[in-house]
Structures are given as structure tokens and as C-alpha cells.
There are 2 protein chains.
Amino acid sequence: WAPRQLRNGEQAIPSGQGQLESAGNLHNLRLAAGIGEGEAIGPVFADSDVYKWLEAVAWEYARNPSEDLLERQRELTAIVADAQREDGYLDSVVQLRYGDEGRYQQLVWSHEHYCAGHLIQAAIAQVRCTADRGLLEVAIKLADHLVANFGDDKTVDVDGHPVIEMALVELYRETGTQAYLDLARWFVEARGHGIISNHGHEPTYFSDRVPVREAATVEGHAVRAVYLAAGATDVALETGDAELLEALKTQFAHMWATKTYLTGGLGARWEGEAFGDEHELPSDRAYAETCAAIGGIQWAWRMLLATGDAKYADAIERMLYNGFLAGVSLAGTEYFYVNPLQLRGAAHADNNRSPAHGRRGWFDCACCPPNIMRTLASLDGYLASTSADALQLHQYAEGAVAADLPGRGSVGLKVETAYPWDGAVRLTVEQTVDGPWAVELRIPQWAEGATVNGTPTEAGEYARIEREWSVGDVIELQLPMATRVVAADPRVDAVRDCVALERGPLVYAVEQSDQQADVDDLHLLPEASVASSYDPELLDGVTVLTARGRAGTGHQAGAWPFEPGRTDQVGDEVEITAIPYYAWANREVGAMRVWLPRG
Amino acid sequence: WAPRQLRNGEQAIPSGQGQLESAGNLHNLRLAAGIGEGEAIGPVFADSDVYKWLEAVAWEYARNPSEDLLERQRELTAIVADAQREDGYLDSVVQLRYGDEGRYQQLVWSHEHYCAGHLIQAAIAQVRCTADRGLLEVAIKLADHLVANFGDDKTVDVDGHPVIEMALVELYRETGTQAYLDLARWFVEARGHGIISNHGHEPTYFSDRVPVREAATVEGHAVRAVYLAAGATDVALETGDAELLEALKTQFAHMWATKTYLTGGLGARWEGEAFGDEHELPSDRAYAETCAAIGGIQWAWRMLLATGDAKYADAIERMLYNGFLAGVSLAGTEYFYVNPLQLRGAAHADNNRSPAHGRRGWFDCACCPPNIMRTLASLDGYLASTSADALQLHQYAEGAVAADLPGRGSVGLKVETAYPWDGAVRLTVEQTVDGPWAVELRIPQWAEGATVNGTPTEAGEYARIEREWSVGDVIELQLPMATRVVAADPRVDAVRDCVALERGPLVYAVEQSDQQADVDDLHLLPEASVASSYDPELLDGVTVLTARGRAGTGHQAGAWPFEPGRTDQVGDEVEITAIPYYAWANREVGAMRVWLPRG
């Protein structure tokens, strides 16, 4: 992850500020701050992109402090503070377009709480990572304004786009102000009763058809749905609401079993950027918005902390390495909004967001790029956690982990690994405390045959190694890196009779530039063995898989495609080369498939 | 077809007038006519639904004259005439919302030419079927207004939604006014140069990316695309433009080979109601709008007249019996907007148009219902044609065909058949002329082994029987009605390793109410024989197919659906019952599949 984070810090974040400038987001805030004259530009949620970017800056500063980042942060924070109204209200687009009377009048689409949520998240990152309190003061004033205005005996309404829920809970954690938690809970409970209606979409779109505590699945707009679920998980955790947590477990399990792509991508439909029905998972028209993967990671992280169940860490790994990481180019500055599992050779880019365009520098609706920036910059936070007597390692990456065991002092581990290319992870104790404590290592569900210090250990759980540690003690974790040829539940109609390749946490894809035959017609011979080799030159260094397959022969151009008695012919044998899915579309944009028909 | 037409006339058309009343379409026209006060209601294209309904009334009058129909027609025609401005302009919604200055300012979305086109089509039907000239006078004034306002040295713009092209050519045929043909040609040629842009959709959506004469496929909004192609075919025919006709042949062939469902349904995507990429034909998310099938029929009919190629009549048959007919309930008064080839048991109706709701009485965007009415009422027009010395029968239905052989007099045939349930068609000459003339009978491509008077004849062509005919002469056509088990081109990923059942012109579907096992898991044993039997009680009388299949066992509820080494298990053998696709969702709305996995 280090090179990706480096490029995020060196390239993407500075270039992001330029994009926010040229797209008008900063222009709006400056106008609201009384600097210059003009009208608001761009979508109503324009402020949120600035806040996501500010959050990225703060996390990046924690990773790699620099005066340049602080200066950028302070410059933009000052504008935001000046844009805030005296009573605490803040939303530059609404202020400019609709004035004071326009506040909270069109919450279904105005994204006022959504922008507030991102502001609060940025403020918390800022104070934690840089100790600057500028944005936090703005956030508290705004949160107080929300508390003063929303609730049973005040305005009874919710924002069309969740995120405020998790932001308010985190602000409660930061400040201890109970009213923020209460309001977050109120927002979670108020939703799901058709409170949003008659706005061109049915309540399903807004996760407003069924209350969170009663829902058995996720539905509607995917990013909205998982952001809401993440916030509801926070509320359940902080209020000890076991019923709500149970409902969220059910929803996550149903999503994972029936509405999640192999890549961890979420959202099967372009129409409404939405979850589809159960098992509706088309490869070609997968929407799998990058922001939905990010929201999925955020939800899974909260479920992991709430339950300690390794399956949520597995889910995070799958989403991080595949559905999320494909959203950004190796260079770090081009983005996919939409992440399909198949692109046909003749695909026509008829839409601004079409993957057939390749990744793009920015979008009219630019939610994804700064969301990626803040996620890459804050990745470290998803790697480990502690409990009373243990340090948990959830994800494996080269580096060092230091943490406090509550009441006992600091412990630290050095992590040496070439993961995900190699399954060997060597952990060395660098700092320890008196008495026994445990290291808990996630053994991914896919890692059947894993060993810890040579001893076999169960997949899908945490391997716990408890002892009194001395500096220099070593743990050797070995995760098997055999290639896996996976097939789908027969109800997943879209990939019937197909297989896909996985190795370690990575889903693989075949891309036209590596193939001898037309990707649209390739078949994989699943019984054939798959070879793997690391190529340090290719795509910043990837392990490439090669397998035997065959070219197709059944396709007849120009013919009516549905005929009696048609059976596929056996085509020529060819070698098939697969690269990690996340790395596709970094050379040229051509045909790509994750799922290959069985040969 | 007779019972369907009867219900269309007796039930649907009268109830349609009520819907136009309650949805506000007539309200708008009355307001524009100076009757009452208020604001326009509903979508900008509201007038067009009234015109389609008026067209249906006229065709229905030709089938089955009644004073009631004439009265309805005259009442509404009078309102339309009064709504027209003195200079010929007419569009009630634009008049009411935007006034004279608003005319043609937002053609991309205003549908002003679209409404004009439907008005012209209704007017021509009216004068031809009822001899009333009221609407024709309105139409001519409006067409003259268009001629005065659009062209190279006038306003250079085209409507976002085609239909005006075919309407103007037909008005030219009706009146002989060359200017109408010229303007139709101008509209066809002006399009495809990005003349429509910056309107939230890329030019692809409006068929405005590539000029019709250069395009190699259809793309974008499916109804827009096929309406445009139909109008361009009219223009090519009337102007003798062979290059344009060649381009249209290429486009039709490409559409038919790569972007058409087994049902003849057109449009793979909900997003933009659009054609997808080549071979992108998902069963579950098929859009296949009923209006697109209607437009496809209109285009294919024009291609048939232009070329005499039987494949276009085959296409009409496929679209009529399947993609079109599924759009209306057996009762005639409930409609599908969207016609998928699969509905899962757990499908959630999250959208007004979702097929999971079942057919509905009307829609906010009510383009389909009156379009179905005018198509059913005018179906007779698609059955037969004449050339200098021959009568062509394109479609087979019980009834009588009478036609003039140019310059020679009238000929007539009685058609006796139980088609599509039985393949025997008995034709008896009821009227003839001196000297030899020919009967040309389309032998569908699927009808391998067809015979005419016992002699084998080639499928996919017209069988020509030329002689001097006497009244009472009989032709016996025998079309084989064996069930066909069809499979798809391997590039159609969505139905890999699946089969579907066809019999005669009908595509079949399995519906939950007829099955022993869960439709979501059913597999068909394609090598097993399929039995057929006519059930006069079921669904107004249908031939039912029964075959052997097996229930699924591979699905594990709640599990991550993608696993290494997964193979389907063999489930219990079950009997599978299939009904004609057009008849689905007439009992209850449950799981349905056209394509079944191979067992």
C-alpha cells in the first residue's frame, strides 16, 4: 500500500485542490464567506468534496507531516469558517441559491446534512492528526445548530443522503456531548417510515421504506444504504442497542451473500446507483461505485469492532484490494466512478461515467475522487486494533504497528511481508509490556492451510498467540497463496458456467492487451493448472497468472443469435494471462473480464 | 388476434379516454382551447397520448364502426382544433407553460415535434378510416407551420424524440405536398451531428452522435432510435435514396443480431431506456419497453415494403407475438411498460414501472397504453400487401383478405387457421381477376419442413403460387409446430448455458404458478422431449408445453456465493410447464423465466 499512499499524498491530494478550484467548489465557499461576487456553481453537495479533501489532508499529515499540507489545510479551513453563518448554519450552495429561508426545505436532495457530516468527519481528522481545532469549532457550531433544529418536537425530517449519523457519533466520541449521539440515533430511527416521499424516487432509493431495525437487507442507492448502515452500527455500539446490532448483522450477511460482487463491489444497477434484487449481479453493467466500496469498508470496520468476527475483516480486505482499489489508477490521479467486472471489446462510452472512457481525472459528480484520497490516507487505521489484553492484526502490510494496551502501556510489532504477492508475514516484537498479552492474527477465510510458527491454524478466525513477550520475539505467519478457481452460486445467473481466478486477497481479470485471442470469446479450462509469477516491471509489480484456455468459435457475426440445437464448438487452445483486477485499464482501455466461461 | 382486438375496442379504448381525462391530458387541451382556467398538468408530451388514442379510435372504427366511436372522435377532435393557435402552432403544454415565446426553445425535451408527429398520424388514420377531415386540417396547418419554421435557412434544430419524420412522409403520401417530404428528409439529415447537446444526456441518447446514413448500429434511447429509423426508411423509400436504405439495412441487421431479445424486445438498459452494447441482453434487467417493440414493428414493416425480404416479416411476427403482446393483459386494460425475460421470486418493486408490480392500468409516463391501443386496432394493416401481380400474406390470422391488384381489380382470400396454436393455414380464393396472379406466402425462418399443398417449401422466403385462380380454389399451407429448444450465441453472456422453448412464433416462459419447484432454481433437461397440448380453459386458451427438468440444489442461502471448486449438484427431476411468454403475469405476479439453465 505504501506506493499507493505515497502517490495519493504527492500527486492526488495537491491535484485535488486544483480540481476543487476549477470545478467551483472553493468558489462557492469563498462567495459564502463574502469574498467576491457571483453565483454558486455545481451540484448542491459541492461543499462535501472540499470536506472530504480536507479530511484526506489531515490523515495524510499524520502519515507524512509537511508544512505544505498544514498551509493548505489552514487556508481552506479559514474559508469554511468564514462561510459559516453566525448561528452555526453552513452550506454554501444553499446559502447562495436559496438564502436563509431555503434552509432545510428540500432535505431530500439538498444534501445539507450530508455536507455537515463530511465537515464533521474532516474536523475530527484534523484535530486528531494535526491538533488544529479550527474546523472542529466550525463543526461543533454546525452540530449544535442541527441539534437545535431537528428532533421529535422540532423539524421532523431526514437528509436524502446519510452520513451525518456516523459523523455525529464520532463527534460525540470526540467531545462527549450526549446530544450528538441522541441526534444520530434520532436520525437512524426517523428513517424508514416513508418520511421522504414524492420526490421522483420511491422511498426504497433513500433506504426509507423499512426502518433500519426491521430491515433484513440493504436496498436502494448503494452508497446511501451502506453509509446509513455504518452510522446505525455506530449508534448501536454507543447505545448498547443489541436489537439494532442484530438487524445490522442480518443485513450485512444478506448483502454479502446475495448483493455483493466477487470484487466486493456493491450496487448492481446504474438506474438509481442501486442494489439490485438478490443474486442480480451482472458483470457488464455492474455499477459497483467506488464510493459504495468505501462505504462498505466503513460499515464492515464498525461491524468488526462491534463483533470481533473475522468475516468482517475478510470483507474489508476483499473490498479494499478489489472493488475499492480499482477505482484509482496506478498513478493515483485518475478515477473510476463505476467498476464493472466485464467490458466488451465493442463497448461504447455513452455516458460521462462509462468505464469505456477509462479512468478520468474528475467527474461532474465528483464524490469518488476525494473519497478515495481520504481512504488511502487513512488506511493505516484499518490494519489493527486492541482489546484489553491483545493486539489484533486485521490486514497485513509492511510496516510497524504500535498501540496501547489499555492501562498497561505500549506494545509494538514490526511487520515484514511482501503481501499480497507472498503469503509469508514475519512479525517481530519491538516493544512490549510486563505480563502476558496476545497477538491475534486474522486468518482469511480463503487461507485454508495457513500456519503460525509452523502450526496449522483455522481459516476464517483469529489465531491467538498469548505469552509474555520479549523484544525481538518473532511470529511467522504463512498464508497459502495457491490460485483459486472459483465458481458462483447457481442463482447468480449472470456468471453461470463461468469461473474466476483469485490468489490471496486479489481477484484477477483478463485484459485484452495480454491475450492471444479475443477476450469476448475466451474460455478458461478450469481443470488446467494455473501458473503464477511475479513481474516487477509490469503495472508497478504484480503477480501474473497464466492458464490454459481456448478461443471461442460459436459466435457468428451478423446472425440471429438464438437457434435450436446450438452448442459451442471447441476452439483453439490459447494461453490466458490474468492480472489483478485492481490494475486493469492502466495501459489501454480494452475488453476485460473477471468471469470466464468454462472451456 | 380477434379477441385481443375485441377487448381493445370494447374495453381499452373507452377506458383510455377516462385515463386521459383523469391524468389531465384532456384538461390541458381544453385549457389551450380557452375552456376553463388552470395550469397544464403532467409531462410535456401529454398531448401525444391523446393523439395516439385518437389514432386508435380511427383504426378501431375501420374494424368495427360505431356511432359511439365517431362521437368520441369528434368531441376530442374539436377540442384539439380549438387548442390550435391561429398560425398553426399546437402544443397545449408549451402554450400554457411557456407561451408564444417558449415555442421550440427547448426542443431537446419539449417533444413539440413528437406531439405534432402523433397528431399527424392520428389525422391520417382518421381521414382514411372515418373520412372525417377535422383532424387532418389541424395537422396540415401544423405541418405548414413546421415547414415555415424549420430548415437550413430557418431554425436549425431537431426534436429530442423522433416520430415527426414518419408522420411527415405519410402526410406527403396523403396530400402530395412535397414540402412535407422535404422537411422529413431535412430532419433525418440534420440529426447525428451533435445538434442536441449539453442536456444531461450525451448525443448517443438522442441518436444524435452519428448521422443515420453513416450509422452501423442503433444506439441510445431505444424508442427514439427505432422511430427515427422507421422515418428514415420512409424517407429513403420516397426519395429513392439507396445509400440511406443500405445503411438502414445494416443497422437493422446489427440490431437483430446483437441487440434484440429472443422475444423481439428492444432496449437492454433501464438507464436511459436504451440499447446496450452488442450482446448485452440481461434477462432480469431487460427494459424491452413495449413502445420499443411497437417502433420496431413499424420499422420492420417499412423495411419489408422497401425490400420484400421475408426476414423483416419474421421480425414483425416475433415482436408482435412476444415483446409487444406481453405489454398488455389478456383483459386488455393493464399494461407493462418494461418487459423482462426473468423475474426472480424475491424481486422487489422499487420503481413505478417495475414488472414486479404486475401490469398497471396507467403510468405517469403513459406512452405505452395508447400506443398499444393504436397498434392492436391497426394490426390488420400488417398482414398483407400487394405488388403488381401478387398478393403477399405476411402474417397468418383467421379472417379475410381483400386487396386491389393495381389496374386489374380486386382479389380476395379467406384465411382459416388456428394459428399460432396449429400450423395449418387454409386459404380459399373468394374473389379473383382474369389472368394469372400469384399468392406469396411467408414461410417463417423457424418453419423448416413447411409444405404448400403438400410440397416442401423453403423456410425464410415467400412461397409463390402463381396461376389463374378460380373462386373456391384452395391453398393448404402447413407450418411445422414442433417445439424448438434454442440456445444463444456464446457472446450473449447473460444466458450462457441456458435454453429457451419456442413453438411456432411464440416464445415460452415458465411461471411460478405452474411449477413444482422454485423457478429461481429450475433447470431444463434439453435432451428430453417436450410435449405440447392445447388447453382452451387456460389463459384464454393456450398451448402448454411440458418438459422434464430438475430442481436446483447448488444454492446455499446465506453463504458467500463464490467458492473454489463449486459445481452444481443434480437435483430432483420435476415436470416443467411453460406457457406463452405473452400470457405471463395474468394470474399472479411471481417468478418467471424465459431462459432456463441446462439440467
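A salt bridge is counted here when a side-chain nitrogen of Lys or Arg lies within 4 Å of a carboxyl oxygen of Asp or Glu. In this predicted model, A:D521 and B:R491 form such a pair. Their closest N and O atoms are 2.7 Å apart. In total, 12 salt bridges are counted between chain B and chain A.

The interface between the two chains was examined next. The size of an interface is often given as the accessible area lost when the parts come together. For chain B and chain A, the buried area is about 5600 Å². Carbon and sulfur atoms account for 50% of it. In chain B, the residues that lose the most area to chain A are B:R491, B:W560 and B:F562. Together they make up 14% of what that side buries. B:R491 is also the partner of A:D521 in the salt bridge described above. By contact, 63 residues of chain B meet 63 residues of chain A.

The structure holds nine cavities of 30 Å³ or more. The largest cavity has a volume of about 280 Å³. It is lined by 30 residues. Closest to its centre are A:P282, A:D493, A:A494, B:D493 and B:A494. The lining of the largest cavity comprises 15 nonpolar, six polar and nine charged residues.

Cysteines were checked last. A disulfide is a covalent bond between the sulfur atoms of two cysteines. The count is zero disulfides over all chains. B:C365 is one cysteine in no disulfide. Its nearest cysteine sulfur belongs to B:C367, 3.9 Å away, whereas a disulfide requires the two sulfur atoms to be within 2.5 Å. The sulfur of B:C367 has its closest cysteine sulfur in B:C291, at 3.8 Å, which is too far for a bond. Both B:C365 and B:C367 are buried. The relative accessible area is 15% for B:C365 and 8% for B:C367.

Terms used: Residues are numbered from 1 along each chain as its sequence is written. Chains are lettered from A and ligands numbered from 1 in the order in which they are written. This is a predicted model: local features need pLDDT of at least 70, side-chain atom pairs count only at pLDDT 80 or more; totals for chains, interfaces and linings use all residues. Side-chain values use heavy atoms; hydrogens and water are left out. On a 1 Å grid over the protein atoms alone, a cavity is a set of points where a 1.4 Å probe fits but cannot get out, and a pocket is an open set with protein on both sides within 12 Å along at least five of seven lines; lining residues have an atom within 4 Å of a point. Grid points are joined across faces, edges and corners, and a volume is the space filled by probe spheres set on the points. Ala, Val, Leu, Ile, Met, Phe, Trp, Tyr, Cys and Pro count as nonpolar, Asp, Glu, Lys and Arg as charged, and the others, Gly among them, as polar. Buried means under 20% relative accessible area, exposed over 50%, partly exposed in between (1.4 Å probe, protein chains only). Contact means heavy atoms within 4.5 Å. Buried area is the accessible area (1.4 Å probe) that two parts lose on being put together, summed over both.
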